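Below are a few notes on charged side-chain pairs, for your review. Please read them against the structure shown here.

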Amino acid sequence: GRGGRERGDRERGDRPPRGERPDRGPRGERPDRGPRPERGERKDRPPRDRADARPRREGGEQRPRREPPPAKPKPKRLKARRVHRDAVVASLPEEQKPIAEQLLRGGIPGVRQAVERQNEAARAEGRPEIKADALVGLAEQLLPRLKTAEWRDRAEAALAGIEEIDLRDIRSVVVAADGAARDEETRALAGQLREGLAARVEQEHREWLADIATNLQEGRTVRALRLSSRPPKAGAPLPPDLAERLVLATSEALAADVTAERWATVLDAVSYSPIRSSVVPAGIPEQPSDELLATVRKLADRVPAIAALFGIEAPAPAARQRRRGRPGAPPAAAPGAGTTEAETTTAEAPEPEATTAEAAEPEAPAPETPEPEAPAPEAAEPETPVAEASEPETPADEG
């Protein structure tokens with residue numbers, strides 16, 4: 001505070017006044033520079049409305065502004081109730097309910113682990129162990145009923161929201177019907193689900209084609225390419241006239257006067273589109289940037305003809321398999337071996353980043369495969385599982 005100011009005054013007191021310093025001449029009048037320009041604007045140019053700014057091509061041509069398309073609402077996820085599942089658990093004897101609850105949480109492996117934990121505690125305390133085989137056998141008898149009840153809850157929820165629930169969830173319920181629909185009532189429910197799914201896919205397919213055509217008409221070539229790589233119906237080809245329009249628009253978008261960044265964006269979208277082998281660029285940049293060349297090298301195996309225009313050779317098929325292979329995964333099938341180009345595109349296309357101008361639906365994961373269910377044996381009831389399951393230290397209490 002005050003001590004600092006006094007020290008500063010003493011230090012400055014040793015200096016001559018600014019006007020009397022011999023190393024500098026007298027200070028003149030400061031010229032009038034006028035009002036200070038706004039931040040970000042230069043005084044020698046008129047103010048520019050940043051809202052009207054346009055990205056320009058390398059040749060100086062101004063790119064027209066396009067309003068982003070409205071974001072497509074995300075489909076709802078399946079949320080099933082537990083009506084049938086809880087009814088099955090409530091109908092069981094009290095000594096079997098803890099086993100059923102543990103079975104619903106972790107399946108047969110969960111029951112085995114719970115029994116092993118209980119036996120470890122029993123050994124530590126010197127108590128007799130539980131017969132694991134008896135409890136596991138009882139769990140295997142309960143599993144089909146519980147699986148059917150659980151599937152029925154999901155199937156009824158999927159059928160009630162067949163028009164708005166995510167197709168991934170509906171497909172997973174339909175696939176699980178093969179192992180869970182065991183009586184006439186559940187088989188009829190599975191049939192209704194299959195019919196509803198087929199109608200929904202047809203509707204989504206028509207909307208998909210209409211979206212591609214609309215984006216092409218409005219000049220959104222990249223979005224049209226992204227959409228073409230994600231058909232709702234796997235393996236569904238584009239109509240010839242729509243495919244020809246998409247090829248023409250893409251070829252014009254890959255021109256020599258397009259910026260390197262735009263060229264790379266269009267090329268990335270082309271590489272996962274079913275028309276990638278038909279695209280012939282109108283031209284390539286005379287001096288491609290390092291980022292563009294890196295993108296071409298990365299996608300050379302998907303667009304080898306375009307990569308050749310840059311003098312880049314696509315890697316050999318064996319190298320592609322080593323690069324894409326995962327530990328323990330089977331080798332990828334060769335192109336054309338019983339797989340259409342559209343199916344290959346759908347399987348390999350990555351999920352692009354969602355933007356305001358391009359909201360993309362997430363890729364559908366592999367459908368859930370129901371766990372193989374052991375048939376209910378006709379053997380007699382185990383000797384002691386009921387009594388042992390009713391002890392305070394049950395697998396359900398442990399889990």
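1. A residue counts as buried under 20% relative accessible area, as exposed over 50%, and as partly exposed in between. The model is predicted. With a relative accessible area of 36%, Glu156 is therefore partly exposed.

2. Glu156 has a salt-bridge partner in Arg152, with an N to O distance of 3.4 Å. Both residues belong to helix 4 and sit 4 residues apart, about one turn of the helix. Arg152 has a relative accessible area of 18%, so this residue is buried.

3. How many salt bridges does a search of the whole structure find? The search returns 17. Side chains of opposite charge can pair when their charged atoms come close.

4. Lys76 and Glu164 form a salt bridge through their side chains, at 3.6 Å from N to O. This pair links distant parts of the chain, 88 residues apart: Lys76 is in the loop between helix 1 (2–13) and helix 2 (83–91), and Glu164 is in the loop between helix 4 (132–160) and helix 5 (167–180). Glu164 is partly exposed, because its relative accessibility is 41%.

5. In the salt bridge between Glu202 and Lys233, the closest N and O atoms are 2.7 Å apart. Here too, distant parts of the chain are linked: Glu202 lies in helix 6 (residues 184–217), and Lys233, 31 residues apart from it, lies in the loop between helix 7 (221–228) and helix 8 (240–253). Glu202 is partly exposed at 34% relative accessible area, and Lys233 is partly exposed at 28%.

Note on methods. Residues are numbered from 1 along each chain as its sequence is written. This is a predicted model: local features need pLDDT of at least 70, side-chain atom pairs count only at pLDDT 80 or more; totals for chains, interfaces and linings use all residues. Side-chain values use heavy atoms; hydrogens and water are left out. A salt bridge is a side-chain nitrogen of Lys or Arg within 4 Å of a carboxyl oxygen of Asp or Glu. Helices (H or I, at least four residues) and strands (E, at least two) are DSSP runs, numbered from the N terminus. Buried means under 20% relative accessible area, exposed over 50%, partly exposed in between (1.4 Å probe, protein chains only).
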